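Here is a short tour for anyone meeting this protein model for the first time. Have a look at the sequence and the 3D view, then read on.

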Amino acid sequence: MLQSRTVLEPKALKKALAVIRNFKQDWSGRAVDDDGLIHIANEAGTRRPLIWCFNASHEFERLAAALGSEQPLIGLRSGHMVARGGYRSTRLDFKIADIYYERIREHFPDARFFIGGNCQGANTAARLKECFAVDGIPVLGAFHMESMTLQPFAGDQVMVYGEQSAKFNPCLSDDALLNTWGSIFRSVEARALPGEHGRYFEPDTIGALAEIISEHIADKMDPAASPDPSDIVAELSGHVMSQPIAGSIFVSVRLSSRQHTGRTTPQGLKLYAFWHCLERLDARNELIDVSGRLYETSILLNLQAPDPGIWNLTLYPVLEGAGPVNIAAARQRGVDMVVPRLS
């Protein structure tokens, strides 16, 4: 077993950002920051701005044109094709998202945004949403497109998948994943795009994506309501046993809250176990019902072991119909571990 904080080497991150800047040299719109990491199109538009994390240059230009001049679009780029080997991972996407957040808050300190991303860009966008949540800044709404990585969000979520996207569309195959949506988002809507994965920014398909985005933004122009103020915290109450036993990893957890007492335990309380791999693009999700178990000395969780590798496990308390509660504490208490390969 190994529990240690895995840190992305500054040189690797610096190199990755340089590659992103190079990829973005031909992006349309205006470069917001001196490094050219943040671009904006349709800047004079009057609608609430949309931040979107893309994987390729043409995606930004085509979506900006399809959305129209009234919709400001802030374009970011994911770590897709940026780094090789161990650093081509969720870890890199999250580090990039943290930098994007700092730049966006610097240049748009008072703005409120919609946030979205496609494929690997959806991972970066999910982390960006969490950065806003940690600082208590509401996100107006979010789009999660063609990705199976599902971080929780205490807001209105639109899940966008292709009708023929067999690998990425859970509506075609993964009933268990669909069943988690009502617990990890405050509200959720599924929308379908015509065609297969990777073809949604083509001239004959981009209009369908723009229509979905525009409809949702038109319905959500006012700032989102404040998320549930609960201070429920999930704390590890013992060591994480990262040597899998019959395909399981056992975690001891204690749930506590200053707001609730034993007599006011909220109904529909669950723990969302979110695993993301630190060395490759991979994630696992699991939902555990813990209703009525606040203040128990220890809750033993029997989690499905992910594939061998270096992982981060974060346990988010979630409430049905409200999404995650006290997301800042959840992120601070994430733990890194090695899941060994069994001989």
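## The big picture

The chain is built from seven helices and 17 strands. Keep in mind that this is a predicted model. The chain has 343 residues, and 53% of them count as buried.

What about contacts along the chain?

## Helix α3 and its two partners

Let's start with helix α3, which covers residues 90-107. One partner is helix α4 (residues 120-134): the two axes come within 8 Å and cross at roughly 50°. That angle makes α3 oblique to α4, and their crossing is right-handed. From α3, the contact takes in Asp93, Phe94, Ala97, Asp98, Tyr100, Tyr101, Ile104 and Arg105. On the α4 side you'll find Gln120, Asn123, Thr124, Arg127, Leu128, Cys131 and Phe132. Sorted by class, the residues of this contact are eight nonpolar, three polar and four charged.

The other partner to look at is helix α1 (residues 10-23), whose axis is 11 Å from that of α3, at an angle of about 70°. The pair is therefore roughly perpendicular, since angles of 65 to 115 degrees fall in that class. Here Leu13, Ala16, Leu17 and Ile20 of α1 touch Leu92, Lys95, Ile96, Ile99 and Tyr100 of α3. The tally for the contact of α1 with α3 is eight nonpolar residues, no polar ones and one charged. Tyr100 turns up in the contact with α4 and again in the contact with α1.

## Where α2 meets α6

Another helix pair worth a visit is α2 (residues 57-67) with α6 (residues 206-219). Their axes come within 9 Å and cross at roughly 60°, which makes α2 oblique to α6. The crossing of α2 and α6 is right-handed.

Who is doing the touching? From α2 come Arg62, Leu63, Ala66 and Leu67, and from α6 come Ile206, Leu209, Ala210, Ile213 and Ser214. The contact of α2 with α6 counts seven nonpolar residues, one polar and one charged.

## Two residues with positive phi

Cys119 has a phi near 55°, and it isn't a glycine. You'll find Cys119 in the loop between β5 (114-118) and α4. Its relative accessible area is 23%, so Cys119 is partly exposed.

Asn326 also isn't a glycine, and its phi is positive too, at about 55°. Asn326 sits in the loop between β16 (323-324) and α7 (327-332). With 24% relative accessibility, Asn326 counts as partly exposed.

## Lys270 and its neighbours

Last stop: Lys270, in strand β12 (residues 269-277). Which residues does Lys270 contact, leaving aside its neighbours within four places in sequence? They are Ser183, Leu287, Ile288, Asp289, Val290, Tyr316, Pro317, Val318 and Glu320.

Lys270 and Ser183 are 87 residues apart in sequence, while their C-alpha atoms are 7.8 Å apart in space.

Definitions and conventions:
Residues numbered from 1 in each chain as written. Predicted model: local features only at pLDDT ≥ 70, side-chain atom pairs only at ≥ 80, totals over all residues. Heavy atoms only, no water. Helix = DSSP H or I, 4+ residues; strand = E, 2+ residues; numbered from the N terminus. Buried < 20%, exposed > 50% of the residue type's maximum accessible area, 1.4 Å probe, protein only. Axes fitted to C-alpha atoms, helices over the stretch in contact; angles between N-to-C directions. Parallel < 35°, antiparallel > 145°, perpendicular 65-115°, else oblique. Left-handed = near helix turned anticlockwise from the far one by under 90°. Contact = heavy atoms within 4.5 Å. Nonpolar A, V, L, I, M, F, W, Y, C, P; charged D, E, K, R; others polar.
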